[in-house]
Amino acid sequence: AAAAPAKSNVTLNFLDVIINDETTKQADGFIANFTKSTGITVRVDKTPYPQFADKVPTLLSAGSPPDAYWADPVKFPEFSAKNWLTPLDDLIASGKTLKKSEILDSAWQKATVNRKIFGVPKDWSARGGYYNKDLFAKAKIAKVPETVAELKAAVLQVKANDPQSFGYMWPMKTPDTWMFEGLAYIMLANDGQIVSDDGKKAMFNSEANEETMSFFVDIWKAKAAPDQGISATNQDLYPLFGSGKVAMMHTGFFVIKAVLPQMEVKDKYDTFVVKGRGGNYGTPFSVSTFAIPAQSKFKSEAYELIQWVIKPEHVAAFTANPSARSADSPENKSRFEDPKYKPFFLAAEKGGKWWIPPNPGVSDQMRIVHEACQAIILGQKTIKQGLADAHAAIEKTLV
């Protein structure tokens, strides 16, 4: 029998995202096995995704961060410039169980700033469309939208057919929810940008973004989107779609297994993806990682935990998305054969982009865009004025 691990006085604080009850139970079991194997105790803080946007910078800036946490690489330029993160290159090179070659090169690139790696890639995500087949049939919509223009027409047709139903919805409570689940999908399909690919030039005041905002404004004016979306997160709105009151939404594919099977809609929905005015697919494409804050007291132990979580036999319990390994890896091959996933893979392959290319001013840029879009949709500013004002404010955030 293997010798029992030596007792350790190390207790790691690990900040992770809540997915669903089933995966959380599995993840808890793997964390318990990590403690049995290493002697390292882990205290897990399970936090819903919408709270991460405020919680992480608050903890990092206050000097009381977790020892390891689920991290969005879009914030790495900002956080690394503030010396909040630990470069992981040496830990990765000397790691005992995770080899760098196991993870896709494209995923490592997303986690790299100024040639230093600040996160270990866990999974990737894209956005796609969901539609209610019953509401389509009642509105006599025979063809699933293939373009943003067809999507808008279908939204308005649902509302015209049944004033009690909504054609589309988006969450707008926070900059994160608006960017990922609202603006970015339509904007990127239309070839719109907020800043240039190199993160050095404002691009928000454009014809493509005028057309994008017209999409949201026209739907809002027609009351074809629910009012509560303005102050809601995506999690807040899922039950509305799940109850059959909304015909379409855009979000990640994690809801296929994690959310919708528990709701009334069940088998009454399918998925789709649209192209924009230039014929291109658009989807926010993101890689999530685990990072170690600069003020972590137990960096080597934290990296041991990360390696444990990233193991092929463990990682599926920590994500509802494909892992950062190749598509034919064991944990991916068996989980995404359902045809409902295909539009997401297509969008990621053909059109996956950053909603805002990573740069030190990204948090301010997201806030500026969020406030401007709310003012435009609510009629407090015209589209042209709102875009112009936000563009000027974004320019001031660029290095």
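Asn83 counts as exposed, because its relative accessibility is 61% and the cut-off for exposed is over 50%. In this predicted model, Asn83 sits in the loop between helix 3 (76-81) and helix 4 (89-93).

**Backbone angles to look at**

- Most residues other than glycine have a negative phi.
- Asn83 has a positive phi instead, near 60°.
- Lys266 also has a positive phi, near 35°.
- You can find Lys266 in the loop between helix 11 and strand 10 (269-272).
- With a relative accessible area of 48%, Lys266 is partly exposed.

**The nonpolar core**

- In soluble globular proteins, nonpolar side chains tend to be buried together.
- Here, the largest nonpolar core has 133 residues.
- The members that touch the most others are Tyr69, Tyr130, Tyr168, Trp170, Leu183, Ile194 and Met248.
- Helix 8 (residues 175-189) gives this core its largest share, ten residues.

**Aromatic rings in pairs**

- The structure contains 28 aromatic pairs.
- One of them joins Tyr130 and Phe241, whose ring centres are 6.5 Å apart.
- The planes of Tyr130 and Phe241 make an angle of 75°, so the pair is edge-to-face, as angles over 60 degrees count that way.
- Tyr130 belongs to strand 7 (residues 127-132) and Phe241 to helix 10 (residues 234-242), so their pair ties together parts that are 111 residues apart in sequence.
- Tyr130 and Phe241 are both buried.
- Phe253 and Phe345 form a stacked pair, because their planes are at 15° and the cut-off for stacking is under 30 degrees; their ring centres are 6.2 Å apart.
- Phe253 lies in the loop between strand 9 (246-252) and helix 11 (255-258), while Phe345 lies in helix 15 (residues 342-351), so this pair links parts that are 92 residues apart in sequence.
- Are the two partners buried or partly exposed? Phe253 is buried, at 0% relative accessibility, whereas Phe345 is partly exposed, at 27%.
- Ring pairs also build a cluster, and its members are Trp124, Tyr130, Phe241, Phe253, Tyr269, Phe285, Phe336, Tyr341, Phe344 and Phe345.

**Charges over rings**

- Which ring does the charged end of Lys340 sit over? The ring is that of Tyr269, with the charged end 5.1 Å from its centre.
- Tyr269 is also a member of the ring cluster.
- Lys100 lies over the face of Trp108, 5.8 Å from the ring centre.

Key: Residues are numbered from 1 along each chain as its sequence is written. This is a predicted model: local features need pLDDT of at least 70, side-chain atom pairs count only at pLDDT 80 or more; totals for chains, interfaces and linings use all residues. Side-chain values use heavy atoms; hydrogens and water are left out. A nonpolar core is a set of buried Ala, Val, Leu, Ile, Met, Phe, Trp, Tyr and Cys residues joined through side-chain atoms within 4.5 Å. Buried means under 20% relative accessible area, exposed over 50%, partly exposed in between (1.4 Å probe, protein chains only). Helices (H or I, at least four residues) and strands (E, at least two) are DSSP runs, numbered from the N terminus. Rings of Phe, Tyr and Trp (its six-membered ring) pair if their centres lie within 6.5 Å; planes under 30 degrees apart count as stacked, over 60 as edge-to-face and the rest as tilted. A charge sits over a ring if NZ of Lys or CZ of Arg is within 6 Å of the ring centre and within 35 degrees of the ring normal.
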